[in-house]
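Okay, thanks everyone, I'll keep this short. Have a look at the chain on the screen and then we'll walk through it together.

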Amino acid sequence: DFLALVSSVAQAVGKVVFAVGSIAIMLSIAPVIGLAVVLPLIAVVVVTKLASGRIRTHRRAYRQDSAAVTGLLGEMFGSVLAVKSSHAGDGILRHLVRMNDRRRRSGLRDQLVAQVLSKFNLATVDLSVGLVLLLAIPAMRQGDFTVGDLALFVSYVSSLVWVPHYVGQVLARH
C-alpha cells in the first residue's frame, strides 16, 4: 500500500505540473479558448470535491461490511465443532447471508457513485473538445488560431481531464 501511495503521489505531481504548464500555454495562445478548456475542468474538481464525502462514506461502509463478513467466516471455521454440537449451523448461515447481502449492497453503492463520477469526468472531455471546436472555428477563419493550435488544445484536453483522477487516487490511497 505504501508503494502504491508513493507511485500515486509521483503520478499526481507530474500530472499537476503538466496541467499548469499546458494551461499556461493554452492561455498564451488563445485566452478565451483556454478558459473554455479550464472551466469544465474546474467543474470536475468541484463535483469531485462535493462527491468525495459520499465516496468516503460508501467506501468506509463497504470495508466495514466486508470485515464483518470475513470475521464471521473466520469465527465459523474456527469453531466448527461448537457450531455442529449446538446445531447452530442454520442460524449462522442465515446471519452470514444477511451480512453478505448488506456487504453486496454497500459495495454496489460504492461502485455506483465512483462510476457516475468517472463518467461525468469523461463527459467533460467531450464537452471541452466541443467548446474548443466551437470557439476555434471563428478564430481559424480570422487566422488567429491554426490547425496546430487546435491539435494542441485537443491533446491537452484529453490529458488534463485525468488530473483530478490522479489527485483523487492519492487522496483515496492516503
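So, what pattern does the protein chain follow, read along the sequence? It goes α-α-α-α-α-α. Counting up the secondary structure, that's six helices and zero strands. Before I go on, bear in mind that this is a predicted model.

Now, the overall dimensions. Along its principal axes, the C-alpha trace of the protein chain spans about 85 × 30 × 20 Å. The radius of gyration of the protein chain is 24 Å, whereas a compact globule of 174 residues would come in near 16 Å.

How much of the chain is buried? Buried residues are 29% of the 174 in the protein chain. As for the accessible surface, we're at about 11,000 Å², and carbon and sulfur atoms hold 68% of that.

Next, contacts along the chain. Take the contacts in the protein chain with a separation of 6 or more: 83% of them are between residues 24 or more positions apart.

Let me zoom in on one pair of helices. Helix α1 covers residues 2-29 and helix α2 covers residues 31-78. They pack at an angle of about 145°, and their axes sit 6 Å apart. Which residues make that contact? From α1 you've got I23, M26, L27 and I29, and from α2 it's P31, G34, L35, V37 and V38. Sorted by type, the residues of this α1 with α2 contact are eight nonpolar, one polar and no charged.

That's my tour, happy to take questions.

Methods. Residues are numbered from 1 along each chain as its sequence is written. This is a predicted model: local features need pLDDT of at least 70, side-chain atom pairs count only at pLDDT 80 or more; totals for chains, interfaces and linings use all residues. Side-chain values use heavy atoms; hydrogens and water are left out. Axes are lines fitted to C-alpha atoms, for helices over the stretch in contact, and angles run from 0 to 180 degrees between N-to-C directions. Helices (H or I, at least four residues) and strands (E, at least two) are DSSP runs, numbered from the N terminus. Contact means heavy atoms within 4.5 Å. Ala, Val, Leu, Ile, Met, Phe, Trp, Tyr, Cys and Pro count as nonpolar, Asp, Glu, Lys and Arg as charged, and the others, Gly among them, as polar. The radius of gyration is taken over C-alpha atoms; the globule rule is 2.2 Å times the number of residues to the power 0.38. Buried means under 20% relative accessible area, exposed over 50%, partly exposed in between (1.4 Å probe, protein chains only). Accessible areas come from the Shrake-Rupley method with a 1.4 Å probe; for residues, only the protein chains shown count as cover.
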